[in-house]
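Trainee: I am new to this structure. Please take me through the terms used for it, one by one.

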Amino acid sequence: MRPKHLYLGLCVAGTLLPYSQFIPFLRQHGLDLRLFFDQLFASRISGFFGLDVIVSSLVVWVLVSVDGRRYGVNGLWAPILALLTVGVSLGLPLFLYLREGRLERSAS
C-alpha cells in the first residue's frame, strides 16, 4: 500500500473514531463547552490525554506551516481546518496525504 493511500485511510479513521464519541455528547448536552472541559479534565488521566492532544495540535499547526511552505504543499488551510473541527487525528494524516501528493508530483 502506498503511503498516500494509508494516510487517506487514517483520515477516515481519524474522523469517524473521535466523532463516534463526540456526536453522542453533542446530542445529549449540545455544545456545552464548560461541561466539555469539565469532563475532559475530570481526572489526572483524562487531563493527561487532553493536554497531550492540545500540545500535539500546536505541533501539527507548526508542522503544516513550516513543512507545508518548504515543500510547496497546496491547500494548507485544509489540515488547519481539520485540526479545528476534528483534531490531530484528521489534521496530521490530511497534511501527510497532501504532502505525499506534492512529493509524488515533484518526483514525476
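Trainee: How many aromatic pairs are there by the rule?

Mentor: The count comes to 6 aromatic pairs. The rule takes rings of Phe, Tyr and Trp (its six-membered ring) whose centres lie within 6.5 Å; planes under 30 degrees apart count as stacked, over 60 as edge-to-face and the rest as tilted.

Trainee: Why is the pair of Tyr19 and Phe22 called tilted?

Mentor: Its ring centres are 6.0 Å apart and its planes stand at 55 degrees, so the pair is tilted. Tyr19 and Phe22 are 3 residues apart in helix α1 (residues 3-29), about one helical turn.

Trainee: What makes the pair of Phe48 and Phe49 edge-to-face?

Mentor: The planes are at 80 degrees and the centres 5.1 Å apart, so this pair is edge-to-face.

Trainee: What is this model, and how are its residues numbered?

Mentor: It is a predicted model: local features need pLDDT of at least 70, side-chain atom pairs count only at pLDDT 80 or more, and totals for chains, interfaces and linings use all residues. Residues are numbered from 1 along each chain as its sequence is written, and side-chain values use heavy atoms, with hydrogens and water left out.

Trainee: Which elements does the protein chain have, helices or strands?

Mentor: The protein chain has 5 helices and 0 strands. Helices (H or I, at least four residues) and strands (E, at least two) are DSSP runs, numbered from the N terminus.

Trainee: Why does Phe48 count as exposed?

Mentor: Phe48 has 52% relative accessibility. Buried means under 20% relative accessible area, exposed over 50%, and partly exposed in between (1.4 Å probe, protein chains only). So Phe48 counts as exposed. Phe49, at 49%, counts as partly exposed.

Trainee: How many salt bridges does the structure hold?

Mentor: The structure holds 4 salt bridges. The term asks for a side-chain nitrogen of Lys or Arg within 4 Å of a carboxyl oxygen of Asp or Glu.

Trainee: What makes Lys4 and Glu104 a salt bridge?

Mentor: Their closest N and O atoms are 3.8 Å apart. The limit is within 4 Å, so the pair qualifies. Lys4 lies in helix α1 and Glu104 in helix α5 (residues 88-107), so the pair ties together parts that are 100 residues apart in sequence.

Trainee: Which residues form a salt bridge with Asp67?

Mentor: Arg70 does, with closest N and O atoms 2.8 Å apart. Arg99 does too, at 3.9 Å. Arg99 in helix α5 and Asp67 in helix α3 are 32 residues apart, and that pair links distant parts of the chain.

Trainee: Is Asp67 buried or exposed, and how do you know?

Mentor: Asp67 has a relative accessible area of 12%. That is under 20%, so Asp67 is buried. Arg70, at 58%, is exposed.

Trainee: What is Ser46 in contact with, leaving aside its neighbours within four places in sequence?

Mentor: Ser46 is in contact with Gln39, Leu40 and Phe41. Contact means heavy atoms within 4.5 Å. Ser46 lies in helix α3 (residues 44-71). The C-alpha atoms of Ser46 and Ala13 are separated by 21 Å.

Trainee: Which residues form the one aromatic cluster?

Mentor: Tyr19, Phe22, Phe25, Phe36 and Phe37 form it. Tyr19 has a relative accessible area of 27% and is partly exposed. Phe22, at 25%, also counts as partly exposed.
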